[in-house]
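Colleague: Before I rely on the labels, I would like to see how they are assigned. Let us go through them one by one.

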Amino acid sequence: MAEQELSVRSIDGIVEGSVTATLARILQLVGDAVIVFDQEGRVLLANDEAVRLFEYHERNLVGSDIRTFFTPGDAEDRSAAFDAEALPFPVDGSTALVTVADAAGEPLTLRVRSERVGAPTEAFVLVVVPVSDEATSEREEQRTIEELRRANKRLSGALNIVLDTLDSENMGQLLERVIAEIADTMEADGSLIYLAEHDGFHLHGTTESIARSSAPRFVGYGHLIENLCADTGHALRLRVAPPDPQDLRAGRLTSRDVVNDDTREVYEVAVRHLPPFVSFIAVPVWFGGQIIALIEVGWKTVHPLNSDDTRLLDSISNYLSVQLVGALSTMRTQRRNELRELALDVRNRLTAAAGAQEGGASRVLPEVMQEVAEALDAVVYPVVCCEVSGRPVVHPADAPVFELPAGLGEISEKDEEAQVIAIAPDSAISEELRALQQPCIGAALLAGKIEDKRRTWLFLRPYDSEPMSDIDLELLQRVALNVRAIVAGAEESKQNKRISQALMTGMKNELQHIDGIEAQGIYSSATAAAFVGGDFYSLVRLSGRRACVIMGDVSGKGIEAASVSSAVKTALSAYAWEGIGPARMVANLNEFLLGFSRIETFATLFVGVVDLAKGVLTYCSAGHPPAALVRAATGEAQLLDVQSGVVGAFQDMTYKNGYVELRKDDVLFLYTDGTTEARSPEGAFFGETGLRDMVMSEVPHGFEGLLDRFLATLDAYTGRSLEDDVAMVALRFSGLPA
């Protein structure tokens, strides 16, 4: 049988098979009167106490109608269809008092408790105790007191859980308190909670009493209790059966039998998927038709499980569902932010090392990878090339050398791009690593070829550990891209530095002097190693008190982006002198770029022609962030929102002009998308809202040094960690009439 599947079998029904005789014998050993009747009201079994109590009604109780003993009347009443709900006592396991007539016709008070038992043959078990029996009465009184004590304990615990979770902000502490309260409420040996994520259920909390136990840290979807809870829709009473002696003699147990106390079914479950309990209640937490969490409350020895307890736990789980959805979302956000901060720190350290000395980035890689592994609760194995075979091998610090698994080896030898490959449980690569007695769950980070060597690292966790989450893999992907870009880029940068510097000289951003227009421009590179980029701007003086302002962003980085930027600036300047409008200029440029550059190279542009004589700005914004015009009279910022498509991507694109009236001392602000897409350390975008607030707050403080103040605002927002180049231009139209 496959390990992921559940084996199910049923214990014989109450009135079938050899178990009948055994059950009858057990009933004779019980001091209370016990009757078993079926769904038609027919008595199936009765012990001697029941016979002594009710024999004045029927000489042979078995086969008689249960209603005879509790609803005496004519035969016509009892000939009606039997309905368990019509009996004078409940059949849900709760205790009730019923008064009947004894053999002398005197009232006799009985304390009864009845509960339905499950498939394959549905029946009811009824326990009856005369209240007049002094010894029995005392025993029932003690039982009632104990039941009241337990009920009060359950109620108090449920209230504590509600109070503890109100306005809770620390979700980690919330989960710890909830499972501790549940274990205390149920007087259990411990409890644990699994939260559903993209790949299965991850353990997110255990009570201190079982913290050192062997609870599985991860269970994939479709395994063990989840399927049962999904089928029934409520909490389950489960019990791990003793192991078979033959299995014990054979060696290590790989599976155990689990009995469902509700249905008496038996399931074969892999040992590595079982909680550290003998008796336990599995409680699903539902939200939106999905199980979002699984709580397991258990005892380390065989413990009687009450159906009332399952109903209470179901009620608690219904209350907790909304809190746990919030907890899961918050914990994922916190984890993502922590790992993004680590990725940013790795990038900064690699960048600093690359800039400090030649080969510096490569030398800090072992330290960086170890730090990443610790954050992922994994070990890291670097992959090196075997000097004898020439094949990639792994050389752990405390284990023999082994060859890289075939699947990873083939990829690492062929692919030059940075990538991350998940190593999932039970995958071929995982099984190969496990056969080598190595940690076998995690991911491989392939950085491609760096310094003439392919660089690969394995981040691995032991067998039975939880797989890498999507957030973990996101961190590794960021690290892979940074290693590829910075370490490999540092080597490429040395070769291209002189070419880059020559290009910078030829494509220097220039704002020509225009009477009546005050102009500022600024460019900030995201990395110290970036000599050139795709952002550019220009202000060109034209005839007749006119000027052309250009701002653009070419996709890509480095020499190719710089060369395209230079060509775009040159072409636009020539078009401007021809006297054509901005939309026509951009359309001509689109045709030019489609024949000039690679297919995947495109640009966003803002091209504006200022006519100071008429006080009008005619512009074309081709896929570029909308420019902002700040009115001097009111101080309000207006976004120029007439938009067209990007340039250099598609044939037959249509571009259109926008028009806006200019007044004295109005300020036009242009920028590239690195401004609005700047991120805070928490990952929030600066956005158009941040840009509007910045413009509205800084423009009133004067035009002098305006862009320096803008850049300082961005640095403060990002923690001086811009992820993209930023170019900004500000024009003040001081030469217009008041």
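Colleague: Where is R663 placed?

Modeller: R663 sits in the loop between β30 (658-661) and β31 (667-671). Helices (H or I, at least four residues) and strands (E, at least two) are DSSP runs, numbered from the N terminus. This is a predicted model, in which local features need pLDDT of at least 70 and side-chain atom pairs count only at pLDDT 80 or more, while totals for chains, interfaces and linings use all residues. Residues are numbered from 1 along each chain as its sequence is written, and side-chain values use heavy atoms, with hydrogens and water left out.

Colleague: What does R663 touch?

Modeller: Contact means heavy atoms within 4.5 Å. Not counting residues up to four places away in sequence, R663 touches R631, F733 and L736.

Colleague: Is F710 buried or exposed, and how do you know?

Modeller: F710 has a relative accessible area of 0%, and is therefore buried. F710 belongs to helix α18 (residues 706-718). Beyond four places in sequence, F710 is in contact with F669, M694, V695, E698, V699 and M728. E698 is 12 residues from F710 in sequence, and their C-alpha atoms are 7.6 Å apart.

Colleague: What makes R52 and E49 a salt bridge?

Modeller: The term requires a side-chain nitrogen of Lys or Arg within 4 Å of a carboxyl oxygen of Asp or Glu. The closest N and O atoms of R52 and E49 are 2.4 Å apart, so the pair meets the criterion. Both residues lie in helix α2 (residues 48-54), 3 residues apart, about one turn of the helix. An α-helix has 3.6 residues a turn, so residues three or four places apart point the same way. R52 counts as exposed at 53%, while E49 is partly exposed at 28%.

Colleague: How do you know that the pair of R116 and E85 links distant parts of the chain, given their salt bridge?

Modeller: The N to O distance is 3.9 Å, which is within the limit. R116 lies in strand β5 (residues 107-117) and E85 in the loop between α4 (75-79) and β4 (92-101), 31 residues apart. R116 is partly exposed at 36%, and E85 is exposed at 60%.

Colleague: What are the labels of R237 and D262?

Modeller: Their side chains meet in a salt bridge at 2.7 Å, N to O. R237 is in strand β10 (residues 236-240) and D262 in the loop between β11 (255-260) and β12 (265-270), 25 residues apart. R237 has 10% relative accessibility and so counts as buried; D262 has 26% and is partly exposed. The structure holds 23 salt bridges. R336, R340, E474 and R478 are linked in a network of salt bridges.

Colleague: How far is the nearest side chain of opposite charge from E296?

Modeller: Lys and Arg count as positive and Asp and Glu as negative; His and the chain ends are not counted. For E296, that nearest side chain is R217, 14 Å away. E296 is buried and has no salt bridge. E296 is found in strand β14 (residues 290-299), and its contacts beyond four places in sequence include L192, Y194, I225 and F277.

Colleague: Why do you say that the buried residues of α12 line one face?

Modeller: In helix α12 (residues 428-435), I429, S430 and L433 are buried. Seen down the axis, these buried residues fall within an arc of 100°, so they line one face of the helix. The arc is that of the directions from the helix axis to the C-beta atoms. A428 and A435, on the other side, are exposed. Q437 follows α12 with a positive phi near 60°.

Colleague: Where does α10 bend?

Modeller: The bend at a residue is the angle between axes fitted to the seven residues ending there and the seven starting there. At P366 this angle is about 35°. Just after α10, D377 takes a positive phi of about 55°.

Notes:
Buried < 20%, exposed > 50% of the residue type's maximum accessible area, 1.4 Å probe, protein only.
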